[in-house]
Amino acid sequence: MAKKLAEAECYMVPGDYTYRITEVYDKRLGQLIYELHSTLRSTGAVTLLGKYNSRAEARECMQRYVD
């Protein structure tokens, strides 16, 4: 199971969603990974969009969702 760390970035973008990139240490892999989540502002529903090896990869994916 992954253990959450305190390192996170939040992005409020135009539209209905807020995005969050969270740094996570995955014990199974023995390395840090980055999870990208979206939150639907109207309901507060949170969705995991993906897991990435770098923060840059997570940001690139977030940008695709925003565009």
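How many aromatic pairs does a search of the whole structure find? The search finds one.

Before you click, note that this is a predicted model, where local features need pLDDT of at least 70, side-chain atom pairs count only at pLDDT 80 or more, and totals for chains, interfaces and linings use all residues. Residues are numbered from 1 along each chain as its sequence is written, and side-chain values use heavy atoms, with hydrogens and water left out.

**Stop 1: the ring pair.** Select Y17 and Y19, whose rings are 6.4 Å centre to centre with 35° between the planes, a tilted pair. (Rings of Phe, Tyr and Trp, the last by its six-membered ring, pair if their centres lie within 6.5 Å; planes under 30 degrees apart are stacked, over 60 edge-to-face, the rest tilted.) Y17 is partly exposed at 34% relative accessible area, whereas Y19 is buried at 5%. (Buried is under 20%, exposed over 50%, partly exposed in between, with a 1.4 Å probe and protein chains only.)

**Stop 2: the helix.** Now select α1, residues 55–66. (Helices are DSSP runs of H or I with at least four residues, strands runs of E with at least two, numbered from the N terminus.) Its buried residues are R55, A58, C61 and M62. They cover an arc of only 125° around the axis, so they sit on the same side of α1. (The arc is that of the directions from the helix axis to the C-beta atoms.)

**Stop 3: V13.** Finally, select V13: apart from neighbours within four places in sequence, V13 is in contact (heavy atoms within 4.5 Å) with Y19, R41 and V66.

Technical notes:
Expected span 1.5 Å × (residues − 1).
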